[in-house]
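My entries follow the order of the look-ups.

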Amino acid sequence: CSSDLLGNVYHSLGDFRKAIDYYEKDLKIAKEIGNQAGEGGACGNLGNAYHSLSDFRRAIEYHEKDLKIAKESGDRAREAEAYGNLGIDYNSLGDFRKAIDYHEKHLKIAIAIGDRAGEGMAYGNLGNAYYSLGDLRKAIEYHEKDLKIAKEIGNRPGEGRAYANLGNAY
């Protein structure tokens with residue numbers, strides 16, 4: 001749908017309010033036509049936009065809707081992504097234990113479905129949560145796993161992110 005594409009453009013430009021307007025249109029259309037996957041995608045995008053506005057509670061509401069739809073439809077990749085987004089939301093709220101729980105669920109599914117990029121992202125997010133808890137050894141362990149995967153799959157931005165996280169932890 002063009003609404004989600006326009007939302008993505010405005011999100012990329014940092015105009016999160018305008019992105020939300022387009023994502024809401026996308027959600028409305030997806031509901032009207034019974035497109036469950038589109039509805040989940042719109043909820044995920046809305047959650048990300050609200051996260052960008054630091055409205056973490058609202059982000060959680062939309063990411064939970066995305067998760068529910070993903071589970072109902074059996075979309076394991078979307079389910080894993082929703083868990084990861086929820087983990088990031090809770091980390092931002094300072095609930096690091098809950099964040100870790102969600103990131104572990106993301107990791108478990110990513111491994112099960114063979115999503116190496118998702119696996120690396122989950123390791124990186126786990127590293128960030130343990131860093132926030134002050135468990136630097138565990139943070140380093142997870143960031144090293146993220147780095148290893150990023151190198152294996154040729155994810156240069158992911159590799160850079162992992163090096164930056166390792167630098168922070170050391």
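Below are my notes, starting with the ground rules.

**Ground rules**

I am working on a predicted model, where local features need pLDDT of at least 70, side-chain atom pairs count only at pLDDT 80 or more, and totals for chains, interfaces and linings use all residues. Residues are numbered from 1 along each chain as its sequence is written, and side-chain values use heavy atoms, with hydrogens and water left out.

**Entry 1: α4 and α5**

I began with helix α4 (residues 56–73) and helix α5 (residues 76–93). I take helices as DSSP runs of H or I with at least four residues, numbered from the N terminus. The two axes come within 9 Å and cross at roughly 160°. Axes here are lines fitted to C-alpha atoms, for helices over the stretch in contact, with angles from 0 to 180 degrees between N-to-C directions. That makes α4 roughly antiparallel to α5. I note the cut-offs: under 35 degrees is roughly parallel, over 145 roughly antiparallel, 65 to 115 roughly perpendicular, and the rest oblique. The crossing of α4 and α5 is left-handed. Left-handed means that the near helix is turned anticlockwise from the far one by less than a right angle; clockwise would be right-handed. I then listed the contact, meaning heavy atoms within 4.5 Å. From α4 it includes Phe 56, Ile 60, His 63, Leu 67 and Ala 70, and from α5 it includes Ala 82, Tyr 83, Leu 86, Tyr 90 and Leu 93.

Next I looked at helix α6 (residues 96–113) against α7. Their axes come within 9 Å and cross at roughly 165°. That makes α6 roughly antiparallel to α7. This crossing is left-handed. Among the residues that meet are Phe 96, Ile 100, His 103 and Leu 107 in α6, with Met 121, Ala 122, Leu 126 and Ala 129 in α7.

I followed α7 (residues 116–133) to helix α9 (residues 156–169). Here the axes come within 11 Å and cross at roughly 20°. The two helices are therefore roughly parallel to each other. The crossing of α7 and α9 is left-handed. Gly 120, Met 121, Asn 128 and Tyr 131 in α7 meet Arg 161, Asn 165, Asn 168 and Ala 169 in α9.

**Entry 2: rings**

How many aromatic pairs does a search of the whole structure find? I get six. Rings of Phe, Tyr and Trp (its six-membered ring) pair if their centres lie within 6.5 Å; planes under 30 degrees apart are stacked, over 60 edge-to-face, and the rest tilted. Tyr 10 and Tyr 22 form a stacked pair, 5.6 Å centre to centre with 0° between the planes. Tyr 10 lies in helix α1 (residues 2–12) and Tyr 22 in helix α2 (residues 16–33), so the pair ties together parts twelve residues apart in sequence. Tyr 10 is partly exposed at 22% relative accessible area, while Tyr 22 is buried at 19%. Buried means under 20% relative accessible area, exposed over 50%, and partly exposed in between (1.4 Å probe, protein chains only).

Tyr 22 came up again with a lysine. The charged end of Lys 25 sits over the ring of Tyr 22, 4.9 Å from its centre. My criterion is NZ of Lys or CZ of Arg within 6 Å of the ring centre and within 35 degrees of the ring normal. The charged end of Lys 65 sits over the ring of Tyr 62, also 4.9 Å from the ring centre. Ring pairs also link Tyr 83, Tyr 90 and Tyr 102 into a cluster.

**Entry 3: single residues**

I looked up Ala 122 in α7. Is Ala 122 buried or exposed? Ala 122 is buried, at 0% relative accessibility. Beyond its neighbours within four places in sequence, Ala 122 contacts His 103, His 106 and Leu 107.

Asn 45 is in helix α3 (residues 36–52). Asn 45 counts as buried at 18%. Neighbours within four places aside, Asn 45 is in contact with Asp 4, Asn 8 and Tyr 23.

Arg 76 is in α5 and is partly exposed at 38%. Arg 76 touches Ile 109 and Ile 113, not counting residues up to four places away in sequence.

Last, I checked Ser 54 in the loop between α3 and α4. Its phi is near 65°, a positive value in a residue other than glycine. Ser 54 is partly exposed, at 48% relative accessibility.
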